[in-house]
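Colleague: I have a chain open on the screen and would like to go through it with you. Can we take it topic by topic?

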Amino acid sequence: MSHAHVHVLDETSTPLPPDQARRVRLVLAAIVVPLLLATVAGLVWLWPSGESPVGSVPLLGDGMSIETAEVVEVTGEQGAEVRAELLTGVGEGQVIPVQVPPEVLDNGADVGDRVRLLFSPTALGSGVPYVFWDFERTVPVAWLAVLYAVVVLAVARWRGLAAMAGLGASLAVVVVFVLPALMTGAPPLAVALVGGSAMMFFSVYLAHGVSIRTTTALVGTFIGLAIATALAMWGTRAANLTGTTSDTSLMLSGTFPGLRLQDLLLCGIVIAGLGALNDVTITQASAVWELHAADPTMPRRRLWLGGMRIGRDHIASTVYTLAFAYVGTALPVLLMAASYDRGVVDTLMAGEIAEEVVRTLVSSIGLVLAIPATTAIGAALVVTTAGRGAPAER
C-alpha cells in the first residue's frame, strides 16, 4: 500500500537550511521507520491464510430468502400485524400479511415504511410465510453519508477529503485484516495492536500529511496506546471481566470455539480509544507548533508549559467525552441494570456495566497521559529542528 507524501506547511514557515533538513529527515526516520516496519511485520505474521472466514456462516436456511416490501396497512391482527406490498421476489406486486413482533410494531412500523421480510416456503401452509426481518434503511443512511461528506468538504476542503480517505483506509483495515484474523484464531491483543497501528498510520498521514508535527502526534498516539493496552490487560484480568455478558458474545463463542472472549474484550478496549487518542495528540502537537510560530525564540521549558496550559483544557473536556459516548452506547444496559433493587456500587460492578467502566477509565488514562508526552516530544523537536528566529517546519 502506498500514498502520496504531503508536507503540511504554514504560510509563515521558511525552508530549513540543508543541515537542519537533514536532521529532520533523520528524526522522522528514527521515529517512524521502526514503528512502520513492526506494523508491516505484524500484518504479515497475523494475516489470515486461506479462504477468508468473513461471510462463511450461512444466514438463511434452504429455500429461504429475504425480500423487500412496503407497508400499506397496519392491521394489528395477531400473526398478521401488517399488510405489505412485495417489491421483490416471485410474488412482486402482491399485498401479503406479515408477522411483526409487538416491540417493533410499538416503536415505528408505519404505513409507507419499507421493510425486509424473511420468506420461508415451509410456512406456506400457515398462510403467513413472510416474517418481519428488518427495516430497509439504505436510502436515509445514504443521504446522511452524502450530507456528512458535503459538510466535511465544505468546511475542511481538501483536508476533509484526505481525512475521509484515511477513515476509509482504516475501516478497510478492520474489514480486511482485523475481523478475519480474529475469526481464524489469531491472538486478539496482537491483532488489536497491529491493526490499530496500521489504522493510525493511514489516518494520521493521509489526513494531516507527513511532517514533524504529524510524526510527533503519531508517536504520542503510540505512547497513549501502549499505556491503554497495559492498563486494559491488567484491568480485564484484575476485575475478572469475562466478555460473556452479551448474547452476541455467547454466539461468537459457539461459532468460533477457539476465540477467547476475555481477549476479544481486551481487543475492543484497545481499539475503542484510538480515535479520541489521535484527536488529542494531533491537537496538542499543533498547539506546540503554533506557540513556537508565535515566538520562535521561546525556550523549550516555556514551550512545554504553554502547551500544557492548552493541554489541561483538553484534558478537562476529554474526561467526560469518552464517558458520555459510552453512556449513550450502553444506555439500554444501564436502564435495565438500574431497575434492579441494589446499591449504586453493586450496579456499577455488575459484569455488563463494569466492562464499560473499565473501558472508559482505561481509555481516559491513556488519553490524559498522551497529552504531556506529545507536548514534551513536540517541544523537543520544534526547538531542535528550528533555525534561530525562524519558525520550524510544520
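Colleague: Fine. What kind of model is this, and how are residues numbered?

Modeller: This is a predicted model, in which local features need pLDDT of at least 70 and side-chain atom pairs count only at pLDDT 80 or more, while totals for chains, interfaces and linings use all residues. Residues are numbered from 1 along each chain as its sequence is written, and side-chain values use heavy atoms, with hydrogens and water left out.

Colleague: What is the mean pLDDT of the protein?

Modeller: The mean is 80, and 89% of the residues reach 70 or more. The term pLDDT is the predictor's confidence in each residue, from 0 to 100.

Colleague: Where does pLDDT stay under 50?

Modeller: Residues 1-17 are such a stretch, and the model has 25 contacts for them beyond four places in sequence. A contact means heavy atoms within 4.5 Å. Residues 385-392 also have a pLDDT below 50, with 21 contacts in the model beyond near neighbours in sequence.

Colleague: How many helices and strands are there?

Modeller: The protein has 13 helices and five strands. Both are DSSP runs numbered from the N terminus: helices are H or I with at least four residues, strands are E with at least two.

Colleague: Which elements have the lowest and the highest mean pLDDT?

Modeller: Helix 7 (residues 247-255) has the lowest at 76, and helix 3 (residues 138-156) has the highest at 92.

Colleague: And how much of the protein is buried?

Modeller: Buried residues are 40% of the 394 residues. Buried means under 20% relative accessible area, exposed means over 50%, and partly exposed is in between, with a 1.4 Å probe and protein chains only.

Colleague: Next topic, rings. How many aromatic pairs are there?

Modeller: There are five aromatic pairs in the structure. Rings of Phe, Tyr and Trp (its six-membered ring) pair if their centres lie within 6.5 Å; planes under 30 degrees apart count as stacked, over 60 as edge-to-face and the rest as tilted. One of the pairs is F132 with F135, which is edge-to-face at 5.1 Å centre to centre and 70° between the planes.

Colleague: Is F132 buried or exposed?

Modeller: F132 is buried, because its relative accessibility is 13%.

Colleague: Which pair is tilted?

Modeller: F201 and F222 form a tilted pair, with 5.9 Å centre to centre and 55° between the planes. F201 is in helix 5 (residues 188-208) and F222 is in helix 6 (residues 212-238), so the pair ties together parts that are 21 residues apart in sequence. Both F201 and F222 are buried. Together with Y205 they form one aromatic cluster.

Colleague: Now I353. Where is it?

Modeller: I353 is in helix 13 (residues 351-385). I353 counts as buried because its relative accessible area is 3%.

Colleague: What does I353 touch?

Modeller: Not counting residues up to four places away in sequence, I353 touches V333, L334, A337, T347 and L348. L334 is 19 residues from I353 along the chain, and their C-alpha atoms are separated by 7.2 Å.

Colleague: What about the phi of N240?

Modeller: N240 is not a glycine, yet has a positive phi of about 55°. Most residues other than glycine have a negative phi. N240 is in the loop between helix 6 and helix 7, and N240 is exposed, with a relative accessible area of 59%.

Colleague: What is the phi of R157?

Modeller: R157 also has a positive phi of about 55°, and R157 is not a glycine either. R157 is in the loop between helix 3 and helix 4 (158-183). At 62% relative accessibility, R157 counts as exposed.
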